[in-house]
Amino acid sequence: MAIRISRISAIAFLQIIMSYALARRELRTPKMLEELGLRVEASRLRAIIGDFAFYLNSGRFKVLRLKRGYIEAMVKGFHGEWHVKVDLLSRTFYCSCPHHKFRKALCKHVLLLLELYAFMRNEIRDLELIREFLKVFKDNLL
Ligand SMILES: [Zn+2]
């Protein structure tokens, strides 16, 4: 019994360390907006996707397709699971959530996917694609 308890707490301890490491990792997309001189937009974006590490750690992303300039995933939000696509090359995006459907907004799920793309494909040319995308859609942030 004692062994079992310590095993569980070891796992819990590791999870705390991991989430701490992820939480400490700076979000890429708000920083990009800051570098573009868009401080207000950057702080708005930071507030919107502040729980990226939480989404990542609790398995809320299910990546369906990932290639250069394109990411498609299911994102489990708090009010449903949404189908989200971002095409950085043709600069189009889609989300099945109501925010996108009715307002054509760059909703939280699209923003989370941009951050996820930056997280998974950490090359300069990929980050450059995201930067360009954000520049085009900066006024469409929720
Ligand atoms: Zn959405």
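Trainee: Which strand pairs with E2, and in what sense?
Mentor: The model is a predicted one. Strand E2 covers residues 70–76, and its pairing is antiparallel, over 7 bridges. Within that pairing, Ala-73 stands opposite Val-84. The partner strand is E3.

Trainee: In the hairpin of E2 and E3, which residue takes a positive phi?
Mentor: This hairpin has 4 residues between the strands. The phi in question is near 150°, and the residue is Gly-80.

Trainee: Which side chains of E3 point to the buried face?
Mentor: Side chains alternate along E3, residues 81–87.

Trainee: What is the bridge partner of Val-86 in E4?
Mentor: E3 also pairs with strand E4, residues 92–95, in the antiparallel sense over 4 bridges. In the hairpin of E3 and E4, Arg-91 takes a positive phi near 50°. The partner of Val-86 in E4 is Phe-93.

Trainee: Are helices H2 and H3 roughly parallel or antiparallel?
Mentor: H2 spans residues 28–35 and H3 residues 39–48, with axes 7 Å apart and an angle of about 170°. Angles over 145 degrees count as roughly antiparallel. H2 is therefore, relative to H3, roughly antiparallel.

Trainee: How many residues of the contact of H2 with H3 are charged?
Mentor: From H2, Thr-29, Pro-30, Leu-33 and Glu-34 meet Arg-39, Glu-41, Ala-42, Leu-45 and Arg-46 of H3. Of the residues in this contact, 4 are nonpolar and 1 is polar. The charged ones number 4.

Key:
Residues numbered from 1 in each chain as written. Predicted model: local features only at pLDDT ≥ 70, side-chain atom pairs only at ≥ 80, totals over all residues. Axes fitted to C-alpha atoms, helices over the stretch in contact; angles between N-to-C directions. Helix = DSSP H or I, 4+ residues; strand = E, 2+ residues; numbered from the N terminus. Parallel < 35°, antiparallel > 145°, perpendicular 65-115°, else oblique. Contact = placed C-beta atoms within 7 Å. Nonpolar A, V, L, I, M, F, W, Y, C, P; charged D, E, K, R; others polar. Buried ≥ 20, exposed ≤ 12 C-beta atoms within 10 Å, placed from the backbone. Pairing = 2+ DSSP bridges.
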